Amino acid sequence: MKNLSDQPCLIARSLALVGDAWSMLIMRDAHAGLTRFDDFRRSLGIAPTMLTGRLSSLTEEGLLEKRRYSDRPPRDEYVLTEAGRDFLPVLFAIGAWGRKHRGGGEVTRFFDAETGTEIDPVTIDRATGAPVGTRPIRIAAPE
């Protein structure tokens, strides 16, 4: 995936960083308030070496920031950066697609913590106001 990070396509560049399930789920959990290694591990059931690698990558790429919360023993937590907070709509867009095409049975639901309403994301093109995916697209190579 690393060779995608130099591609002109921003989708390819982004997938080079967060294109695996573990990174996406770590970001989901970070948005839900998890910050500590053991909490991520417990939530995801991920191997410690795998989690360490993903947290390091997400930190190096600026989606998470590592902060020390204990000196004895040394312990760090992982908090969302601005780039990490900006990733939430991406997660919800994937979730909306999943609700439409992979739903059925019991599924996790997401609610606005302030209003209590269930989140129903829609991706809108700012220029046209049309929902993304309802109009044809054209891909243009960089000039």
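Before we start clicking, one term: a salt bridge here is a side-chain nitrogen of Lys or Arg within 4 Å of a carboxyl oxygen of Asp or Glu. By that rule, the structure holds eight salt bridges. Keep in mind that you're looking at a predicted model.

**Stop 1: R54 and D20**

Select R54 and D20 and show their side chains. They form a salt bridge, and the closest N and O atoms are 2.9 Å apart. This pair links distant parts of the chain: R54 belongs to helix α4 (residues 48–60), while D20 is in the loop between α1 (10–18) and α2, 34 residues apart.

One of its side-chain oxygens reaches to within 3.1 Å of the backbone nitrogen of W22, at the start of α2.

**Stop 2: along helix α2**

Now colour residues 21–31, which make up helix α2. Which residues of α2 are buried? They are S23, M24, I26, M27, D29 and A30. Here's a handy bit of helix geometry: an α-helix has 3.6 residues a turn, so residues three or four places apart point the same way.

Pick D29 out of that list. Its relative accessible area is 5%, so D29 counts as buried, the cut-off being under 20%. What does D29 touch? Leaving out residues up to four places away in sequence, you'll find L34, F40, S43 and L44. Then step just past the end of α2 to G33, which takes a positive phi of about 105 degrees.

**Stop 3**

Jump to E77, in strand β2 (residues 74–80). E77 is buried yet has no salt bridge. Which side chain of opposite charge is nearest to E77? That's R36, 4.0 Å away. The E77 side chain does make a polar contact with the side chain of T35, at 3.2 Å. If you skip neighbours within four places in sequence, E77 is in contact with T35, R36, E65, K66, R67 and Y69.

Two names on that list also go together: R36 lies over the face of Y69, at 3.6 Å from the ring centre.

**Stop 4**

Select K66, R68 and D76, which are linked in a network of salt bridges. Zoom in on R68 and D76: their side chains meet in a salt bridge at 2.7 Å, N to O. D76 is buried, with a relative accessible area of 18%.

**Stop 3: the aromatic pair**

F92 sits in helix α6 (residues 88–101) and F110 in the segment after α6, so the pair ties together parts that are 18 residues apart in sequence. At 16% relative accessibility, F92 counts as buried, whereas F110, at 37%, counts as partly exposed.

**Last stop: E118 and R109**

Finish with E118 and R109. They form another salt bridge, with the closest N and O atoms 3.2 Å apart. E118 counts as partly exposed at 31% relative accessibility, and R109 counts as partly exposed at 47%.

Notes:
Residues numbered from 1 in each chain as written. Predicted model: local features only at pLDDT ≥ 70, side-chain atom pairs only at ≥ 80, totals over all residues. Heavy atoms only, no water. Helix = DSSP H or I, 4+ residues; strand = E, 2+ residues; numbered from the N terminus. Buried < 20%, exposed > 50% of the residue type's maximum accessible area, 1.4 Å probe, protein only. Contact = heavy atoms within 4.5 Å. Lys NZ or Arg CZ within 6 Å of the ring centre and 35° of its normal. Polar contact = N/O pair within 3.5 Å; in protein donor to acceptor, adjacent residues only side chain to side chain. Lys, Arg positive; Asp, Glu negative; His and termini not counted.
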